[in-house]
Amino acid sequence: MLYDITLVVSELVTNVVLHAYVGRDPGRVRVAVQFGPGELTVVVEDDGSGLRPRPDSPGVGLGLPLMAHIAERLETRTTIAGGTQIRVWFSLRSQDARPN
């Protein structure tokens, strides 16, 4: 489970670096982890130009589908400032799976 969470966070932050601030000054990326009953939620947010297609994309476009497959649930939102927020939920299978 830790590998899955690490992979998803890495993909999300990489997406911010590669896509969020294209054609403008680099900006922030915020990462938060929240625990709820039986689940862990990872939230990654930027102040970039929003989630939209890029014909010149340096990636192959498999990041979001891969993350959606690994996680229990994935949700994208546009922030008030026009950036992107992505929330990803993971089920905590046992108490031992919870990071210290």
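Predicted model: local features only at pLDDT ≥ 70, side-chain atom pairs only at ≥ 80, totals over all residues.
Tutor: Let's start with a definition: a salt bridge is a side-chain nitrogen of Lys or Arg within 4 Å of a carboxyl oxygen of Asp or Glu.

Student: Thanks! What makes the pair Arg 30 and Asp 47 a salt bridge?

Tutor: Set the value against the cut-off. The closest N and O atoms of Arg 30 and Asp 47 are 2.9 Å apart, and the limit is 4 Å, so the pair qualifies. Arg 30 sits in strand S1 and Asp 47 in the loop between S2 and helix H2 (63-70), so this bridge ties together parts 17 residues apart in sequence.

Student: How do you know that Arg 30 is partly exposed?

Tutor: The relative accessibility of Arg 30 is 30%. Buried would need under 20% and exposed over 50%, so a value in between is called partly exposed. Asp 47, at 29%, is also partly exposed.

Student: What does Glu 45 form with Arg 30?

Tutor: The side chains of Glu 45 and Arg 30 form a salt bridge, with N to O at 2.9 Å. Glu 45 belongs to strand S2 and Arg 30 to strand S1 (residues 29-36), so the two tie together parts 15 residues apart in sequence.

Student: How many salt bridges does the whole structure hold?

Tutor: A search finds three. One of them joins the side chains of Glu 75 and Arg 77, at 2.7 Å from N to O. Glu 75 is partly exposed at 26%, and Arg 77 is partly exposed at 42%.

Student: Which residues are joined into one network?

Tutor: Arg 30, Glu 45 and Asp 47, through salt bridges that share partners.

Student: Asp 46 is buried; why is it said to have no salt bridge?

Tutor: The nearest side chain of opposite charge to Asp 46 is Arg 30, 6.9 Å away.

Student: What lies around Asp 46, then?

Tutor: Leaving aside residues up to four places away in sequence, Asp 46 touches Val 16, Ala 20, Tyr 21, Arg 28, Arg 30, Thr 79, Gly 83 and Thr 84. Asp 46 itself lies in strand S2 (residues 39-46). A polar atom of the Asp 46 side chain is also 2.8 Å from the backbone nitrogen of Gly 48.

Student: Which residues have the most contacts inside the largest nonpolar core?

Tutor: They are Val 8, Leu 12, Leu 40, Val 42, Val 88 and Phe 90, in a core of 15 residues. Helix H1 (2-20), S2 and strand S4 (84-91) each give two or more residues to this core. The largest share, five residues, comes from H1.

Student: What does Leu 12 touch?

Tutor: Not counting residues up to four places away in sequence, Leu 12 touches Val 44, Met 67, Ile 86 and Val 88.

Student: What pattern does the chain follow along the sequence?

Tutor: The pattern is α-β-β-α-β-β, made from two helices and four strands. Of the 100 residues, 27% count as buried. Among contacts between residues at least 6 apart in sequence, 59% join residues at least 24 apart.

Terms used: Residues numbered from 1 in each chain as written. Heavy atoms only, no water. Buried < 20%, exposed > 50% of the residue type's maximum accessible area, 1.4 Å probe, protein only. Lys, Arg positive; Asp, Glu negative; His and termini not counted. Polar contact = N/O pair within 3.5 Å; in protein donor to acceptor, adjacent residues only side chain to side chain. Contact = heavy atoms within 4.5 Å. Core = buried A, V, L, I, M, F, W, Y, C linked by side-chain atoms within 4.5 Å.
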